[in-house]
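Please keep the structure open while reading.

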Amino acid sequence: MEQDKAIEAFAALAQPSRMSIFRLLVRAGPDGLQVGEISRRLNIVASTLSGHLGVLKRSGLLRATRHQREIHYFADLEVVNHLVGFLLADCCDGRPDNCSEVLSLLNPV
């Protein structure tokens, strides 16, 4: 991932509602959630939610599909993987034992 794309993704997440939306959609998995369900679960009015979803989508963190009149949003997990990879690319200067705490998050006990 290029640095500019990583910065754009982090900027999109640097707002409480957008972070909540992103985390909800990561938990929802590849099927994502319909806009109305996101609004209901997070108690965000549709007009405000639309703006947040647009920012997250433009950053590449979310994708959307239309099913008739419903729009489903889901986290683009490939982009998320690239973003995490970008963060960890130079981690510990090639000494993974120094990153054991971070790496343990990937394999919870």
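The points below are grouped by topic.

The model is predicted. The chain has six helices and three strands, and their order along the sequence is α-α-β-α-α-β-β-α-α.

**Overall chain**

- The C-alpha trace spans about 50 × 35 × 25 Å along its principal axes.
- Of the 109 residues in the chain, 30% are buried.
- The accessible surface comes to about 7,500 Å², and carbon and sulfur atoms account for 52% of that surface.
- Among contacts with a separation of 6 or more, 52% join residues 24 or more positions apart.

**Packing of α1 with α4**

- Helix α1 covers residues 3–13, and helix α4 covers residues 46–58.
- The axes of α1 and α4 lie 9 Å apart, at an angle of about 160°.
- Because angles over 145 degrees count as roughly antiparallel, α1 and α4 are placed in that class.
- The crossing of α1 past α4 is left-handed.
- On the α1 side the contact is made by K5, E8, A12 and L13, and on the α4 side by V55, L56 and R58.
- Sorted by class, the contact of α1 with α4 has four nonpolar residues, three charged residues and no polar ones.

**Packing of α1 with α2**

- Helix α2 runs over residues 16–28.
- The angle between α1 and α2 is about 105°, and their axes are 7 Å apart.
- The range from 65 to 115 degrees counts as roughly perpendicular, so α1 and α2 are described that way.
- A11, A12 and L13 of α1 meet R18, M19 and F22 of α2.
- This contact of α1 with α2 has five nonpolar residues, one charged residue and no polar ones.

**Packing of α2 with α4**

- α2 and α4 pack with their axes 10 Å apart and at an angle of about 70°.
- That angle makes α2 roughly perpendicular to α4.
- From α2 the contact takes in S17, R18, I21 and F22, and from α4 it takes in L49, H52, L53, V55 and L56.
- The contact of α2 with α4 divides into six nonpolar, two polar and one charged residues.

**V55 in α4**

- V55 lies in helix α4 and takes part in the contact of α4 with α1 and in the contact of α4 with α2.
- Leaving aside residues up to four places away in sequence, V55 touches A12 and R18.
- A12 belongs to the α1 side of the contact with α4, and R18 belongs to the α2 side of the contact with α4.
- V55 is partly exposed, because its relative accessible area of 26% falls between the cut-offs of 20% for buried and 50% for exposed.
- V55 and S100 are 45 residues apart along the chain, and their C-alpha atoms are separated by 33 Å.

**K57 in α4**

- K57 is also placed in helix α4.
- With residues up to four places away in sequence not counted, K57 touches L62, A64 and Y73.
- From K57 to L88 the C-alpha distance is 23 Å, for a sequence separation of 31 residues.

**Loop residues with positive phi**

- Most residues other than glycine have a negative phi.
- N43 is a residue other than glycine with a positive phi, near 55°.
- N43 sits in the loop between α3, residues 35–42, and α4.
- The relative accessibility of N43 is 72%, so N43 counts as exposed.
- Q68 is not a glycine either, and its phi is positive at about 55°.
- Q68 is exposed, with a relative accessible area of 78%.

Key
Residues numbered from 1 in each chain as written. Predicted model: local features only at pLDDT ≥ 70, side-chain atom pairs only at ≥ 80, totals over all residues. Heavy atoms only, no water. Helix = DSSP H or I, 4+ residues; strand = E, 2+ residues; numbered from the N terminus. Buried < 20%, exposed > 50% of the residue type's maximum accessible area, 1.4 Å probe, protein only. Contact = heavy atoms within 4.5 Å. Axes fitted to C-alpha atoms, helices over the stretch in contact; angles between N-to-C directions. Parallel < 35°, antiparallel > 145°, perpendicular 65-115°, else oblique. Left-handed = near helix turned anticlockwise from the far one by under 90°. Nonpolar A, V, L, I, M, F, W, Y, C, P; charged D, E, K, R; others polar. Areas by Shrake-Rupley, 256 points an atom, 1.4 Å probe, with all protein chains shown as cover.
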